[in-house]
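Please open the model in your viewer and follow the stops below in order. Each stop gives a selection and then says what is found there.

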Amino acid sequence: MKGPYKFYYWPTIQGRGEFVRLALEEARAPYTDVARTKGGVARMTNLMQRKGRGSSPFAPPFLESGKLLIAQTANILIYLASRHRLGASGEEARIAAHQLQLTIMDLVAEVHDVHHPIASSLYYEDQQAEAKKCAAAFVDERIPKFMGYFERELAHNGGRFMVGRSLSYVDLSIFQVIAGLDYAFPRAMKRLGKKAHPLRALHDRVASRPRIATYLASERRLAWNEDGIFRHYPELDR
Ligand SMILES: N[C@@H](CCC(=O)N[C@@H](CS)C(=O)NCC(=O)O)C(=O)O
């Protein structure tokens, strides 16, 4: 058995942590979502300030595996993939998966910046005018550009998986991105269509995988909310 792992992320949001939770769930890896246990947030913040050997995380999510403390979402995923067959094997496929995941994380950062274009430390209400401008460009230009890219990559790989010939963590992450964009920008995402779009079909295939379906129906899956990265503000959804 690989693990058990200690997983650290903010306890009330899906955020970037969800990409890791999905991988842990699909792998059926034993893990504790530490910040969701009593005193867990303090333990998480202490680890970011730890002294001594090894590097400390700048920000959650991070994963403790034995003596390793691994931060950066894409870095955690590449680690889990090698231990749990969640990624295509071979150098080319490993690099391709990591490349796609880093691009997904770029998109996630842009999603965050739509509602916080000036500063993360300010309330949304204090940067709403700028957010509106940012959202217009994001919806009109960036969503189609990212979706077009991921769609081409999926088609290029045969249409079923983003990389390789079996499910990888990238497929799980595409599921999360589509689900998140559907929540945050339902009107803009209507352009993808209900069923026929290949990325939506991939989303649906991932959602119906038994372990993912069980997870999504469990209390471990946090509800979307307006504290996370994918936020639904109707005024930002054109
Ligand atoms: N590039 C990092 C970003 C990590 C990150 O920004 N984490 C957020 C939560 S989703 C955070 O807590 N940031 C605190 C900060 O930036 O000060 C990753 O992909 O894991």
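In which loop does His 116 lie? Select His 116: the residue sits in the loop between helix H4 (91-115) and helix H5 (128-156). Keep in mind throughout that this is a predicted model.

**Stop 1: His 116**

Is His 116 buried or exposed? His 116 counts as buried because its relative accessibility is 8%, and buried means under 20%. Now show its surroundings. Not counting residues up to four places away in sequence, His 116 touches Leu 122, Tyr 123, Tyr 124, Gln 127 and Arg 231.

**Stop 2: the ligand**

Select the ligand and the residues around it. The surrounding residues are Tyr 9, Trp 10, Arg 16, Phe 58, Ala 59, Pro 60, Pro 61, Gln 72, Thr 73 and Ile 229. Sorted by class, this shell has seven nonpolar, two polar and one charged residues.

For Arg 16, a polar side-chain atom lies 3.3 Å from an oxygen atom of the ligand. In the side chain of Gln 72, an N or O atom is 2.6 Å from a nitrogen atom of the ligand. Thr 73 has a polar side-chain atom 2.8 Å from an oxygen atom of the ligand. On its own the ligand has 500 Å² of accessible area, and the protein covers 65% of it.

Stay with two members of the shell, Pro 60 and Pro 61. A cis peptide bond joins Pro 60 and Pro 61, with omega at about 10 degrees. Pro 61 is in the loop between helix H2 (40-48) and strand S3 (62-65).

**Stop 3: helix H1 and what follows**

Select residues 17-26, which form helix H1. How many of its ten residues are buried? Ten of the ten are, so the helix is mostly covered. The buried residues include charged ones, among them Glu 18, Arg 21 and Glu 25.

Glu 26 also lies in H1. It counts as buried because its relative accessible area is 8%. Leaving aside neighbours within four places in sequence, Glu 26 is in contact with Leu 86, Leu 167, Leu 172, Arg 209, Arg 211 and Ile 212.

Move on to Arg 28, in the loop between H1 and strand S2 (31-33). Arg 28 is exposed because its relative accessible area is 63%, and exposed means over 50%. Its phi is near 50 degrees, a positive value in a residue other than glycine.

Next select Arg 85, in the loop between helix H3 (73-84) and H4. Phi of Arg 85 is likewise near 50 degrees, and positive. Arg 85 counts as exposed because its relative accessibility is 79%.

**Stop 4: Tyr 169**

Go to helix H6 and select Tyr 169. Tyr 169 is buried, because its relative accessible area is 2%. Apart from neighbours within four places in sequence, its contacts are Leu 77, Ile 78, Ala 81, Leu 86, Gly 87, Ala 97, His 98 and Gln 101.

**Stop 5**

In soluble globular proteins, nonpolar side chains tend to be buried together. The largest nonpolar core here has 68 residues, and Met 147, Phe 150, Leu 181 and Phe 185 touch the most other members. Helix H6 (residues 169-184) gives this core its largest share, ten residues.

Select Leu 181, which is in H6. Leu 181 counts as buried because its relative accessibility is 0%. Beyond neighbours within four places in sequence, Leu 181 is in contact with Val 111, Phe 138, Ile 143, Met 147, Pro 186, Met 189 and Phe 230. Leu 181 and Val 108 are 73 residues apart in sequence, and their C-alpha atoms are 9.8 Å apart in space.

Then select Phe 150. Not counting residues up to four places away in sequence, Phe 150 touches Leu 100, Thr 103, Ile 104, Leu 107, Met 162, Ile 174 and Leu 199.

Conventions: Residues numbered from 1 in each chain as written. Predicted model: local features only at pLDDT ≥ 70, side-chain atom pairs only at ≥ 80, totals over all residues. Heavy atoms only, no water. Core = buried A, V, L, I, M, F, W, Y, C linked by side-chain atoms within 4.5 Å. Buried < 20%, exposed > 50% of the residue type's maximum accessible area, 1.4 Å probe, protein only. Helix = DSSP H or I, 4+ residues; strand = E, 2+ residues; numbered from the N terminus. Contact = heavy atoms within 4.5 Å. Near = heavy atom within 4 Å. Polar contact = N/O pair within 3.5 Å; in protein donor to acceptor, adjacent residues only side chain to side chain. Areas by Shrake-Rupley, 256 points an atom, 1.4 Å probe, with all protein chains shown as cover.
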